Amino acid sequence: MKKYEENTDSDMKVTEGDTNAEVTASIDNASADFREAIKKQAREDEQPQSNKFTLRKVLGGDILTATLIRKQIYLILLIVFFVIVYITNRYNVQKQLIEIDALNKELNDIKYKSLSVNSMLTEKCRESHVLDVLKNSKDSTLKVSSQPPFIITVKSK
């Protein structure tokens, strides 16, 4: 019969002259050791981790498996949602402020243009300017009155 011997690679070798019972016992021992190794690593509850949060744990993603993080995942998602809303709101407000500044500049330009047009109109409507235009225009028969104006009263019946 063949006998199992432990190799340096944790493999079993079968040798000549072993009985069936010895082979079965060796396999049972190997499978029991294998089961215990799996039980140590594949536990449903979490093994206690150190309280140190190192950069390696954070970048490696080990921090996401911590019990504290898993219990508070909904709170973390809510905070992330509010941060996204905050950033979006800030960009919208900045865009509106830029638009308000542009509209204020346009309003000032229009006010200055309106003032200049109003002053030009006032200048052209002055009596002296109108008289000069009438004198220079030979088509017009209008003249300045030499008599002061008077009021006509009409008696009602």
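A nonpolar patch on the surface is formed by Leu-75, Leu-78, Ile-79, Phe-81, Phe-82, Val-83, Val-85, Tyr-86, Ile-87 and Tyr-91, which together have about 1000 Å² of accessible area. Accessible areas come from the Shrake-Rupley method with a 1.4 Å probe, only the protein chains shown counting as cover for residues, and patches are made of residues with over 30% relative accessible area and no salt bridge, nonpolar side chains (Val, Leu, Ile, Met, Phe, Trp, Tyr) being joined within 5 Å and like charges within 9 Å. A salt bridge is here a side-chain nitrogen of Lys or Arg within 4 Å of a carboxyl oxygen of Asp or Glu. The model is predicted, so that local features need pLDDT of at least 70 and side-chain atom pairs count only at pLDDT 80 or more, whereas totals for chains, interfaces and linings use all residues. Residues are numbered from 1 along each chain as its sequence is written, and side-chain values use heavy atoms, with hydrogens and water left out.

A search of the whole structure finds one aromatic pair, formed by Phe-81 and Phe-82, which is tilted, with 5.7 Å centre to centre and 55° between the planes; ring centres of Phe, Tyr and Trp (its six-membered ring) must lie within 6.5 Å, and planes under 30 degrees apart count as stacked, over 60 as edge-to-face and the rest as tilted.

The protein chain contains five helices and two strands, and 2% of its 157 residues count as buried. The mean pLDDT, the predictor's confidence in each residue from 0 to 100, is highest for helix α4 (residues 73-125), at 96, and lowest for strand β1 (residues 4-6), at 47.

Technical notes: Helices (H or I, at least four residues) and strands (E, at least two) are DSSP runs, numbered from the N terminus. Buried means under 20% relative accessible area, exposed over 50%, partly exposed in between (1.4 Å probe, protein chains only).
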